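Open the model in your viewer and keep the selection tool at hand. The tour moves from one stop to the next.

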Amino acid sequence: MRRHLLRNTTLALFLTPLLVLAWMGRTADAPGDDEAPVARAALPEGANALSSDSLAASRERHVTAFLERLGEQQNAPAGEVFDSLEYFQQVPAGRLLRIMNMGFGRSLGVGCEHCHDTDQWSSNAKRPKRVAREMIAMVRVINDSLLARIPALESERPVVNCTTCHRGDVKPALDLGAEQDG
Ligand code: HEC
Ligand code: HEC
């Protein structure tokens with residue numbers, strides 16, 4: 001994997017700003033994440049409302065604690081600040097935390113604890129963290145190899161991100177649920 005990473009470093013540097021936007025669900029021509037609240041509003045009344053608020057608050061607390069601890073280092077490449085990154089070394093440390101919060105946590109509807117031992121953030125002991133790494137690899141194949149080979153698409157650079165499938169759930173839906181009446 002390391003060798004593969006090195007080979008792609010130049011490409012990664014070039015694409016990183018665009019991909020980072022995609023991770024966070026914000027691309028120039030696809031509002032992505034911004035649409036999530038609309039989709040949520042269609043859920044049965046009360047469903048998940050409280051728990052998703054408290055999960056968001058809990059994630060926010062972790063991010064704020066990290067940002068305070070990092071200070072100026074927020075702008076340093078995440079790979080210089082954190083121990084065990086395989087994919088996000090080039091991204092500024094502060095932005096890595098926002099990707100974790102919005103791109104990963106909110107997309108899956110989970111707290112940081114779903115993937116992390118919060119006393120040892122670099123640990124890979126939790127299964128979902130290991131799955132998340134494989135998901136990053138899968139998303140890259142979809143974006144860089146599969147979507148890129150559909151020439152008749154109108155977008156210049158069509159992308160999927162975690163939100164595309166997960167939409168606030170750990171298990172992506174296989175159907176649209178009950179019919180809504182308008
Ligand atoms: C869906 C799983 C998932 C969630 C949820 C998640 N993370 Fe992560 N996190 C990861 C993965 C995977 C990596 C390693 C990425 C890589 O290899 O480049 C990581 C890496 C990190 C690192 C770097 C650790 C180190 O020392 O290398 C920090 C810090 C971190 N996450 C913080 C957070 C915070 C804060 C939250 C909640 C706001 C969060 N994460 C939510 C999966 C997750
Ligand atoms: C193309 C659709 C798709 C995309 C894009 C996608 N996932 Fe997934 N993800 C899935 C499916 C399907 C599963 C399996 C759910 C199940 O267990 O049946 C899954 C499972 C997971 C799990 C395991 C959850 C658990 O606790 O068992 C994690 C973590 C995860 N995805 C993280 C991510 C992250 C992070 C991203 C973005 C980097 C991402 N996924 C992008 C489809 C996707």
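Start at ligand 2: helices H6, H7 and H8 (162–166) each supply at least two residues of its shell. Helices here are DSSP runs of H or I with at least four residues, numbered from the N terminus. The model is predicted: local features need pLDDT of at least 70, side-chain atom pairs count only at pLDDT 80 or more, and totals for chains, interfaces and linings use all residues. Residues count from 1 along each chain as its sequence is written, while chains are lettered from A and ligands numbered from 1 in written order.

Stay on ligand 2 and select Pro-128, Ala-132, Met-135, Cys-162 and Cys-165, the nearest of the 17 residues around it. A residue is near if its C-beta atom, placed from the backbone, lies within 6 Å of the molecule. H7 gives the largest share, six residues.

Next, ligand 1. It has 28 residues around it, with Tyr-87, Met-100, Cys-112, Cys-115 and Ser-122 the closest. Helix H4 (49–70), H6 and H7 (127–146) each give two or more residues to this shell. H6 gives the most, six.

Now select H6, residues 93–108. Look for a bend of about 30° at Ile-99, the angle between axes fitted to the seven residues ending there and the seven starting there. Twelve of the 16 residues of H6 are buried, so the helix is largely enclosed by the rest of the structure. Buried means 20 or more other C-beta atoms, placed from the backbone, within 10 Å of the residue's own. Among the buried residues are Ile-99, Met-100 and Phe-104.

Last stop: Gly-109 follows H6, with a positive phi near 70°.

Key:
Expected span 1.5 Å × (residues − 1).
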